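Hi,

Here is the structure I promised to pass on.

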Amino acid sequence: MKSTFAVAALAAIASAAPTKRQATGPTDDVILNYALTLEHLENTFYREGLANFTEADFQAAGFGSDVYNRIKTIGSDEAEHVSFLSGALTAAGAKPVQECTYAFGVTSVQSFLATASVLEGVGVSAYLGAAADIMSKTYLTAAGSILTVEARHSAYIRNVNKQSPFPQPFDAPLSYNEVFTLAAGFITGCPADNPALPVKAFPSLSTSSKDMPIKTGSTITLGTAGYKIEGTVYAAFIAVTGPTFVETKAVNGGFEVVVPKGFAGQSYVVLTSCNTAATDDTILAGPAVVEISS
């Protein structure tokens, strides 16, 4: 059942027509469908995870009933987000995307919670990155209300995983294509009649390091399995104030980079063709997710 707030918000959104930012930019309904694509992924992740792991499984893995029940609440929130965004798009005369099929690679309660932490962090960065493109104040408020809840989810799950719940004073925004690149790693197929979204996935990028935990000054390897990048390559660590570029060293299967100062918690790094901008035109691969200890 929809909450009173959700029903009222849907009524407000129904009166807000999708707005175009610029001639080549996404309309608000496209942005909401982009958000819905992510919410479907999260909703399915929790639905399948809670179907596979019982409260007893959580307890056997060292997590109390309180953790299990709060994860159920988070899953319920994600289902509500799907319902809300789907209703908002329908009310505005747009066709909402349907959920895809996914492969999350989760094999234990621990890997379920680790993946949950990554997904919630990406969700925060996705809403943050899209916010500037939303023209309708009503849509922006609705997206902001989801963003704040995703941030609380992220902080809680990080704390459960014994990671700092708020490791830095600013979260990093991600672009549409950066987010889709991370989401595409879980998506195995989508309905053919889903509305097309103007997004593309860059080549995927993995991370590994002999320095654990990873911290400022650690050397990490950014893996480029299945493809090779020629020419000059830089690594850009993404931040709200702009990327920090570092030199790379080509190694077998990828590139080695040193973690720069100013990054902590769930961070993102892309490979670029220049050291002045990390944009769709210059990104060669990634982002990769890197957990950096304070």
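A quick term before anything else: by contact I mean heavy atoms within 4.5 Å. This is a predicted model, so local features need pLDDT of at least 70 and side-chain atom pairs count only at pLDDT 80 or more, while totals for chains, interfaces and linings use all residues. Residues are numbered from 1 along each chain as its sequence is written, and side-chain values use heavy atoms, with hydrogens and water left out.

Starting with T37: setting aside neighbours within four places in sequence, T37 is in contact with V97, Y102 and L197. T37 sits in helix 2 (helices are DSSP runs of H or I with at least four residues, strands are E runs of at least two, both numbered from the N terminus). Its relative accessible area is 14%, so T37 is buried (buried is under 20%, exposed over 50%, partly exposed in between, with a 1.4 Å probe and protein chains only).

On the whole chain, I get 7 helices and 10 strands. Of the 294 residues, 46% are buried. The radius of gyration is 19 Å, which agrees with the value near 19 Å for a compact globule of 294 residues (taken over C-alpha atoms; the rule is 2.2 Å times the number of residues to the power 0.38). Among contacts between residues at least 6 apart in sequence, 74% join residues at least 24 apart.

Now the core. The largest nonpolar core has 59 residues, and L41, Y46, F58, I71, L85, F112 and L113 touch the most other members (a nonpolar core is a set of buried Ala, Val, Leu, Ile, Met, Phe, Trp, Tyr and Cys residues joined through side-chain atoms within 4.5 Å). Elements giving two or more residues to this core include helix 2 (28-52), helix 4 (65-91) and strand 9 (265-272). Helix 5 provides the largest share, 10 residues. Domain 1 (28-189) and domain 2 (206-292) both contribute, so this core lies between them (the bounds come from an automatic or database domain assignment). A second, separate core of 19 residues includes F237, V259, A285 and I292.

At 1.5 Å a residue, helix 5 (residues 109-130) should span 32 Å, and its end C-alpha atoms are 31 Å apart, which agrees (the expected span is 1.5 Å times one less than the number of residues).

Cheers
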